[in-house]
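Thanks, everyone; before I start talking, please bring the model up on your screens, and I will then go through a few pieces of it one after another.

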Amino acid sequence: MTFERAFALSSVLLAAVACSGLLFAQSLPLWLALPTALILILSVLQAGGMSVVRRRMARIIISPALSNSLSLGAFVIFLVDLIFFSRDLLPAGIHFLVLLLNIKLLTLQQRRDYRHLYALSLMAILASAAVTTDAWYVPIFLLYLFAAVWTLLLYHMTQETGSAAGAGMPAQPAIGPAAGPSRITAPFLWLTNGVVAMTVGMTLAIFFVIPRVGVGALQKTSGEALRTSGFSERVDLGTIGSVKQDPQIVMRVELPDRSAVSNDHLYLRGLAYDQYNGRSWSHSRTRQRSLGLVAEGIFLARPPSSRPPGSQSLTIRQDILLETLDTAVLFAAPFAELVSGEFLAVQADAMSGLHLPAPPSSRLRYSVTSQVPQLIAEERTATALDYPEAVRLRYLQVPAGLQRIDELAHRVVQGAATPFERTRAVQQHLLDNYRYSLEAEQATLNHPLEEFLFTRKTGYCEHYATAMVVMLRTLGIPARLVTGFLATEWNEYGGYFTVRQRDAHAWVEVYFPRSGWITMDPTPAVNAASAASRWESLGRFGASLRLQWDRLFVSYSAKDQLAVVHGMREGSDFVREQASRWVASLSGPSAKALSRLSAMARRFQPGMAGLVTGLFVVGLAIFLLMVRDRIGLWATLHLPIAPSQGAILQLYARMLRTLEQQGLRKPPSVTAREFAGFVEREWQAAGPLVACITDLYQQGRFSRRPLSQDELSLAAEQVGQLQSLRRM
Amino acid sequence: MSSTQTIRAIQDNIALVIKGKSHVIEMAVVCLLARGHLLLEDVPGVGKTTLGHSLARSLDCSFKRIQFTSDLLPSDIVGVSMFNRQKQGFEFIPGPIFANIVLADEINRTTPKTQSSLLEAMSEAQISVDNQTHPLEQPFMVIATQNPAEYHGTFPLPESQLDRFLMRLRIGYPTIEEERKVLDRPHSLHPAESLRAVLSAQDVVALQATVDQVHMEEHVTDYLLAIVQATRQSELLSLGVSTRGALALSKSAKALAVVRGRDYCLPDDIKELAPIVLSHRVMLNRTHGMRTQSFDQAERLVLDIVETVPVPV
């Protein structure tokens, strides 16, 4: 493929990638997305060399005057959009950007247009970064980098040959330049892809090294919290049913030591309710207390001492990534003991529900260590349990007029000797005799519980759980309703549970004086047809990639950075100690110097480190500036398409550009020697340099003997000196 | 002595006589190395003959001078076949053309018939008389001088013959200072007579051989061809440069490269030589108000045309 063709194609692809970023982010309305997609496809086809499209497009190429007026029109649309429709700078700006991009794509003619296109593409990719944090951005961004590197290299290449051709006579290509082959050769392909890989690597390095700033100016505002139900002051029966079909992800729960838990399900407790009035559940009014801090960022939810003596429990540690929800409740396996995360404060209510002071405005990552209480053997067999007064007062409340339920409960537990057996009997009765169904017509019912138990006999988790709590309470066993999520979707690739809206659940906690509140679930397992098809597992794989993306990039915070730095410092401390020990064994004086150095290093303050880093960066920049020409020379020498003749040609072309910037232009019909004489007269300081470069150029360009490395570097040096000169 | 020094030595030698005309001298040497013939055209008395004479004197080879007059006959140049009584047969008596350097003085003062007798000698380096061919010695160079065409009593050279001269040079008046130096010289002797030869005939042939080794890069050739093409397409010229003209430009460019101490040609060489190598090979278009074929006009036109051709970078 020739450079020109490849250049056009990669330029359009660059724009297409940037635009598709915005399309994926769903930040384009349909009226804009459709024509954009059409124009992009046409442009790619045209640049790709489809002659039919090329001819058609050639006909609708817009004249400069029209394109200017179109751009003005786009600006007017932008203003209207900003004031009346979007009412926000970011979406309106994105629409404006895409309009401009389309206009540019239709009027690509001069190199200037291409430069504008690149600037617009850059802004588009930045804008799509501002509106999204999703994982699809990764391939888009990588594609963008790829296309950008190709485009810029090809731009440079075509400009070099283009300017040389401009100096030659376009009408007579026979006297054109010999800047090596003007096609993409295999070495060029690999070199460019190597540059792409290097760019990606450097981007990653910069991403991890550059200090984080808190919030980007253009970051998405947290307007769209996920609506949840079942976590408010009052829960009507049937509220959870409304979300049971919603596959939106609510959170992801990683279990660092997963062996402790059975992997098929995990209860994530939200809030507990103790008061039932026949139609809805509510909290009895209790004070929320703020949790104490045990260390920075770690809150103590329940001191271990508060556990009843002799109780047994299972420790579960969870790392939870909570999506933005409209509730301030924190979810965790029952019952949380330590909560750590970047919150200012965490509050707990009397029934061990965890709250933030306000619903979080962004995704939240926190870890919880929970102690899941286990029923101890004595209470499993005890015929009677001694409940504390406070518990009986709160957790035996039932609404009036429940005789039928009372009778049913007593009938169900006939033959059960112990409270635990009674509990199991109630649970078993509900599991066996009722059908799980999401058909929701309960809203009009005055007595939803009776309806469930005696007439419909179908319902879902809330009905089951409410029935169990009420039945247990009529039997004198303290119980309460809990809402939260039942995680069942285990992602084996990422090692975490995916929790979705439809996993919202309600279950029962039954009180045993010495074991504590034991989780019981009367709802039959929904036979989630978990046909482990390949697609599903692929989907889980993709989901786990998304989580990694999220953890590694989106929520990569200054704290994580500090942790990395800290780890590195510890590592380097270790290495330094080892080294100093090794050196000490070798020689005394040098060891002393080294220990002084390491002492200095230990005294290093963060501010000092910043200063040193800054100095280092500045020094590196200066160094790079100084060796710029060397690098350029190296690049020109080692470019596969440029033999030494091409190298001196490029250096000469660079000299001509430099001189042109100083106002000395070489007319095409003037020979190199004549031009050198002209420069000598017009700008004496540059005369000798230009004469020297011209000599080397003529020798390298027209003789049979290629220039030596020394001569080439001499020429590069002279060009560098020339670039540093300023004409008076 | 390296070739560069040798060439330098010739130029210095001639410069002892011709004051302040280093460019003209250099071009004369280029002409010699390119195996070409030189036409010196200028007003009388600016040193045309002296230049030719000095060049011949600087080389250790045979030198003949032919003063062209209106009654000169071809046989006066190439020689005649005469009956030798002792041998009972015709014998060829070589004319003055049989020399390494032939100075044809005031060539346009003679008749076209005589002028054309030079033709074969100049292009083929041989003479045919009475069905017999006599090769000429190498090196062979004709240095012709002529007065400008506008002058009285001249027979302008036919195009075919002009084309056989590698280059046409003008000497021009010297500056005051240079003229003073000329006047300060002792008058007793013709200045060229005092020169000693610095180069043998073999040396010259060897130097001419090095010219063939000079490298002309593809794009320099393209540039040359573009110039030739431009003269053919120009509206100002009724006759452009012939292929022989292109060859002449190429040869002289290579020779100039050798004179300047290079083994490769530059576009500069072509551009510098184009007016003097091409201007006598073109015919001006008379519809453009140029009734006479003046040297100045032709040279200026060629220069203008060269300026329209972009130089390869």
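Predicted model: local features only at pLDDT ≥ 70, side-chain atom pairs only at ≥ 80, totals over all residues.

In helix 22 of chain A, the residues Leu689(A), Cys692(A), Ile693(A) and Leu696(A) meet Glu711(A), Leu714(A), Ala715(A), Gln718(A), Val719(A), Gln721(A) and Leu722(A) of helix 23 of chain A, where a contact requires that the C-beta atoms of two residues, placed from the backbone, lie within 7 Å. By class this contact has eight nonpolar, two polar and one charged residues, with Ala, Val, Leu, Ile, Met, Phe, Trp, Tyr, Cys and Pro counted as nonpolar, Asp, Glu, Lys and Arg as charged, and the others, Gly among them, as polar.

Residues are numbered from 1 along each chain as its sequence is written, and chains are lettered from A and ligands numbered from 1 in the order in which they are written. Helices (H or I, at least four residues) and strands (E, at least two) are DSSP runs numbered from the N terminus.

To return to that pair, the axes of helix 22 (residues 687–702) and helix 23 (residues 709–724) of chain A come within 9 Å and cross at roughly 150°, the axes being lines fitted to C-alpha atoms over the stretch in contact, with angles from 0 to 180 degrees between N-to-C directions.

A second pair in chain A, helix 12 (residues 419–433) and helix 14 (residues 461–474), has axes that come within 10 Å and cross at roughly 145°, and here the crossing is right-handed. Thr423(A), Val426(A), Gln427(A) and Leu430(A) of helix 12 make the contact with Tyr464(A), Ala467(A), Met468(A), Met471(A) and Leu472(A) of helix 14, and these residues divide into seven nonpolar, two polar and no charged.

Now to the strands of chain A. Strand 20 (residues 504–512) runs antiparallel to strand 21 and is joined to strand 21 by five bridges, two strands being paired if DSSP finds at least two bridges between them. A hairpin connects strands 20 and 21 of chain A through three residues, and Phe512(A) has Gly516(A) as its bridge partner in strand 21. Four of the five residues of strand 21 (residues 516–520) of chain A are buried, meaning that 20 or more other C-beta atoms lie within 10 Å of a residue's own, whereas 12 or fewer makes it exposed and anything in between partly exposed, with C-beta atoms placed from the backbone.

Chain A also has an open sheet of three strands in the order 1-5-4, with antiparallel pairing. Which strands stand at its edges? Strand 1 (234–236) and strand 4 (275–276) of chain A do, each with a single partner strand, so one side of each is left without a neighbour in the sheet.

Finally, chain B has twelve helices and 13 strands, and 44% of its 313 residues are buried. Ser81(B), in strand 4 (residues 79–84) of chain B, is partly exposed, with 14 other C-beta atoms within 10 Å.

Key: Left-handed = near helix turned anticlockwise from the far one by under 90°.
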